[in-house]
Amino acid sequence: MTKRVAILISGSGSNMVSLVEAMKSPDFGAKPVLVLANKAEAAGLEKAKALGVPTAVVDHRPYKGDRAAFDTELHEVLSSYKPDIVCLAGFMRIFTPELIEKWAGKMLNIHPALLPKYKGLNTHQRALDAGDAMGGCSVHIVTPELDAGPVVKQVEVPILPNDTADTLTARVIKEEHKLYPAALKEFAKA
Ligand code: GRF
């Protein structure tokens with residue numbers, strides 16, 4: 001059965017594009033049914049439209065910090081597209097445990113660090129500050145604790161002597177664009 005995939009974004013959506021492009025392959029086993037953003041300005045929305053993927057916006061701002069109310073609306077919109085898998089791809093909102101429970105075992109995220117190291121933000125700068133030899137990225141199953149769910153797939157990326165957070169970001173994101181489609185393909189077949 002071809003799995004139905006929703007992708008949630010907040011920004012440029014470069015990982016979303018890599019997922020959608022990869023799913024064009026007939027043997028992928030999954031297809032994109034929705035790209036949803038939490039703000040209408042998310043640049044990735046236009047890219048999704050250009051790729052022919054339906055889009056939706058659930059703006060978090062009118063909820064003024066009421067996470068439960070935002071999650072209720074998001075769940076309703078998401079459910080109406082009947083996704084089998086939800087991929088977070090640079091989605092910058094933290095869900096309530098109740099929302100995550102509703103999608104338990106069906107929601108993936110990509111994180112720009114070698115989890116369990118550097119959960120949260122500023123991962124590359126933290127790896128540089130620690131003097132790590134390797135950075136990287138991880139795809140994991142989303143559980144209520146932030147960036148703490150089981151890792152599905154991970155890749156190491158070398159940190160070079162003159163790296164800044166920007167140069168490391170640029171090197172890692174190229175690998176994210178390969179890792180996430182590979183992880184989704186395996187996950188969709190499982
Ligand atoms: C990526 O670095 C991803 O790992 C992180 O947010 C960023 C999203 O970038 N979760 P993009 O919107 O996919 O370009």
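The shell of residues around the ligand divides into 2 nonpolar, 5 polar and 1 charged. Keep in mind as you look around that this is a predicted model.

Who belongs to that shell? The residues around the ligand are Ser12, Gly13, Ser14 and Asn15, together with Gly90, Ile110, Pro112 and Glu176. As for its place in the protein, the ligand sits in the largest pocket.

How much of the ligand does the protein bury? Taken alone, the ligand exposes 370 Å², and the protein buries 81% of that.

Now let us turn to the aromatic rings. The structure holds 2 aromatic pairs. One of them joins Tyr63 and Phe70: their ring centres are 5.8 Å apart and their planes stand at 65°, so the pair is edge-to-face. That label follows because planes over 60 degrees apart count as edge-to-face.

Are the two partners buried or exposed? Phe70 has a relative accessible area of 5%, so this residue is buried, since buried means under 20%. Tyr63, at 24% relative accessibility, counts as partly exposed, because that class lies between the buried limit of 20% and the exposed limit of 50%.

How values were computed:
Residues numbered from 1 in each chain as written. Predicted model: local features only at pLDDT ≥ 70, side-chain atom pairs only at ≥ 80, totals over all residues. Heavy atoms only, no water. Near = heavy atom within 4 Å. Areas by Shrake-Rupley, 256 points an atom, 1.4 Å probe, with all protein chains shown as cover. 1 Å grid on protein atoms, 1.4 Å probe; cavity = no way out; pocket = protein on both sides within 12 Å on 5 of 7 lines; lining within 4 Å. Sits in = over half its atoms within 2 Å of the grid points. Nonpolar A, V, L, I, M, F, W, Y, C, P; charged D, E, K, R; others polar. Phe/Tyr/Trp six-rings, centres within 6.5 Å; stacked < 30°, edge-to-face > 60°. Buried < 20%, exposed > 50% of the residue type's maximum accessible area, 1.4 Å probe, protein only.
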